[in-house]
Amino acid sequence: MNSSAKVVIPVTELESPAFCSDDKEKLKAQTLTDEFAVGVRWQKIPNEYVKMDVSDLDNRIRNAKSKLSERLLILGHHYQRDEVIQYADYTGDSYKLSKFAASNKSAEYIVFCGVHFMAETADILSTDFQKVVLPNLTAGCSMADMAEEDDVIDCWDDLDNLLASDGGITPITYMNSSAAIKGLCGKNGGIVCTSSNAVDAFKWALKNNERILFLPDQHLGRNTALKLGFKLDEMIIWNPFKPLGGNTKSAIKKAKIILWKGHCSVHTRFNTNQIDLARSKYPDVNVIVHPECTMEVVNSADYVGSTEYIKDMIENSKQGSIWAVGTEISLVNRISTMYPEKNIFCLDSAVCPCSTMYRIHPAYLCWVLESFLDGEIVNQISVEPDIKRDSIVALNRMLQL
Ligand code: SF4
């Protein structure tokens, strides 16, 4: 099966009680049979793997890894569960992992334990000889899914009609978008960015044009524009479900920044009440959040930055420091276990992982690795050649920033 095969990615289960609780223990991997019992609809795999317990899976994954040796590279995103990240040869946020995927030209199989857009990016940046595999094809990203290709094309056509004779507009897409959207940006003078380099991508775009279309995360776009000195009344939202995105022609012509109406379900759970509560409990607390959080949360935090920045800041802080963190719970728990001498906790007391990242269960990893040993490649992600050609333009612009 490859990425062009039709896979229905279910809507996020984030709000389901199965995924949000006050019990960290619930995040521990069980057999897939038990995890399926809460009603999730993930990719079906052979029954043998569905029933296997975590310790059997562990033995078989380690055995397959050692047999595949240098032919295999496992990449693990920081938000991945502990029971999966332990097998990663390299871990990072999407920016770090995309740079790594671009630099590694030797592994035959790249297994991306992350979400769909990350595996697509790895496929775009890797060589033809390398096969990129996403262990569970339903591991999408609810934010990336908010920018459907057809809707973005309609938006781009509208903007082109209105603005082409008036200086045009430069598209910037966040890494968390499909390869097709990255391709649209590459074809139209645009660029890809991550939360680590969004400011530089904006500066790059503003050298060529005074207007920016940013998609799909309105919050990262707004927070970045504010950091660069833009005012809120210079920004409008593009709602793909309304004609002209819900704007008048004159508002579009006047706007400097057009923000696609998308968001991350994980990072928009944080709010300023949680920050106030943390500060009232711990007057010396450092509040650190991701720029996918809302403007109010970002403005109220002490530090704001990418997942990698958050990790580095906490790792390099002094013993005994206190951190209230506004990012994905699996990473927060992991850092807190690594540094027991620091008090590190998630701003949100409910335990809500990124539910799509969570779909990579060790059983899926075991299945794809053992399939390689049987000479079969399952769940290969292969981006169409024309989309690859256009998106690599936008990705290379980012890598050269
Ligand atoms: S944390 Fe948010 S943006 Fe990141 S993969 Fe999950 S849903 Fe997508």
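This briefing covers two sheets and the helices packed on them. The model is predicted: local features need pLDDT of at least 70, side-chain atom pairs count only at pLDDT 80 or more, and totals for chains, interfaces and linings use all residues. Residues are numbered from 1 along each chain as its sequence is written. Helices (H or I, at least four residues) and strands (E, at least two) are DSSP runs, numbered from the N terminus.

**Four-stranded sheet**
- Four strands form an open sheet in the order β2-β1-β3-β4, with parallel pairing. Two strands pair if DSSP finds at least two bridges between them.
- β2 (90–92) and β4 (131–133) are the edge strands, and each pairs on one side only.
- The twist from one strand to the next averages 20 degrees. Axes are lines fitted to C-alpha atoms, for helices over the stretch in contact, and angles run from 0 to 180 degrees between N-to-C directions.
- Strand β3 (residues 109–113) runs parallel to β4, joined by three bridges. Tyr-109 has Lys-131 in β4 as its bridge partner.
- Helix α6 (residues 116–125) packs on this sheet and touches β1 (72–77), β3 and β4. The direction of α6 makes about 155 degrees with that of β3.

**Five-stranded sheet**
- A five-stranded open sheet has the order β6-β5-β7-β9-β8, again with parallel pairing.
- Its edge strands, β6 (191–193) and β8, each pair on one side only.
- Neighbouring strands are turned by 25 degrees against each other on average, direction ignored.
- Four bridges pair β8 (residues 235–238) with β9 (residues 257–260) in the parallel sense. Met-235 bridges to Ile-257, and Ile-237 stands opposite Leu-259.
- β8, helix α11 (residues 249–254) and β9 make a right-handed β-α-β unit. Right-handed here means that, with the strands pointing away from the viewer, the path from the first strand over the helix to the second runs clockwise.

**Helices α7 and α8**
- Helix α8 (residues 179–187) lies across β5 (170–174), β6 and β7 (212–215), at about 155 degrees to β5.
- Helix α7 (residues 149–163) packs against α8 at an angle of about 20 degrees, with the axes 9 Å apart. That makes the two helices roughly parallel, a term for angles under 35 degrees.
- Glu-149, Val-152, Ile-153 and Trp-156 in α7 meet Ala-180, Ile-181 and Leu-184 in α8. Contact means C-beta atoms, placed from the backbone, within 7 Å.
- The residues of this contact divide into six nonpolar, no polar and one charged. Ala, Val, Leu, Ile, Met, Phe, Trp, Tyr, Cys and Pro count as nonpolar, Asp, Glu, Lys and Arg as charged, and the others, Gly among them, as polar.

Methods. Contact = placed C-beta atoms within 7 Å. Parallel < 35°, antiparallel > 145°, perpendicular 65-115°, else oblique.
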